[in-house]
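Subject: A structure for you to look at

Hello,

Here is the structure I promised to pass on to you. Please open it next to this email and follow along as you read.

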Amino acid sequence: MVAQYPREDAVEPKQEAVRQLLQSHILFSLLPEPEKHALEPLFEMRDYQANQVIVDQNTPMDGLYIVCAGRVRLKQTLNGKRVSLGELGREASFGERCLIESTQWPYQVIASERVTSLKLPGDPVRALLGRHPKALELFKKHIGWVELSH
């Protein structure tokens, strides 16, 4: 039997998803190519089971999450009362603000069903943006738009 090795030009599903995201998502599409290339290896692919907590309210916001498959529910506890804020599906994102500043999650995010997401950790992105002021200004401008679109 002959061993099968991936072709050199073959792209893994995660790499393809990240590259597509960098070209199409409002936060990344206008970035210069060098910044896109610097961000690409930072993305992590994550899987969650139904009812699994993805992030908890009032904990440090650790990254931007983009839902690749499945749905998530946002919940918030205010004055002792738990409220559902709605559901997000494929291509939705949450956690954008942590890419430009350290902050806390204002809500809990729970997988409504099996979820696959891409996560972009906030700390290394903030460090990268510190070296690329034009990219930082672009992120600041677009993060307000993204938050308003939810």
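Below I describe the core and then some of the salt bridges.

Before you start, please note that this is a predicted model: local features need pLDDT of at least 70, side-chain atom pairs count only at pLDDT 80 or more, and totals for chains, interfaces and linings use all residues. Residues are numbered from 1 along each chain as its sequence is written, and side-chain values use heavy atoms, with hydrogens and water left out.

**The core**

The largest nonpolar core has 37 residues. (A nonpolar core is a set of buried Ala, Val, Leu, Ile, Met, Phe, Trp, Tyr and Cys residues joined through side-chain atoms within 4.5 Å; buried means under 20% relative accessible area, exposed over 50%, and partly exposed in between, with a 1.4 Å probe and protein chains only.) The members that touch the most others are Phe28, Leu39, Phe43 and Phe94. Among the elements that each supply at least two residues of this core are helix 1 (13-24), strand 8 (115-121) and helix 4 (133-149). (Helices, H or I with at least four residues, and strands, E with at least two, are DSSP runs numbered from the N terminus.)

**The salt bridges**

The whole structure holds 9 salt bridges, each a side-chain nitrogen of Lys or Arg within 4 Å of a carboxyl oxygen of Asp or Glu.

One of them joins arginine 19 and glutamate 40, at 2.9 Å from N to O. Arginine 19 sits in helix 1 and glutamate 40 in the loop between helix 2 (33-39) and strand 1 (44-48), so this pair ties together parts 21 residues apart in sequence. Arginine 19 is partly exposed at 37% relative accessibility, whereas glutamate 40 is buried at 16%.

Lysine 36 pairs with glutamate 33, their closest N and O atoms being 3.4 Å apart. Both are in helix 2, 3 residues apart, and so about one helical turn separates them. Lysine 36 is buried at 4%, while glutamate 33 is partly exposed at 39%.

Aspartate 62 and lysine 119 form another salt bridge, with 2.9 Å between the closest N and O atoms. This pair links distant parts of the chain, 57 residues apart: aspartate 62 is in the loop between strand 2 and strand 3, and lysine 119 is in strand 8.

Enjoy exploring!
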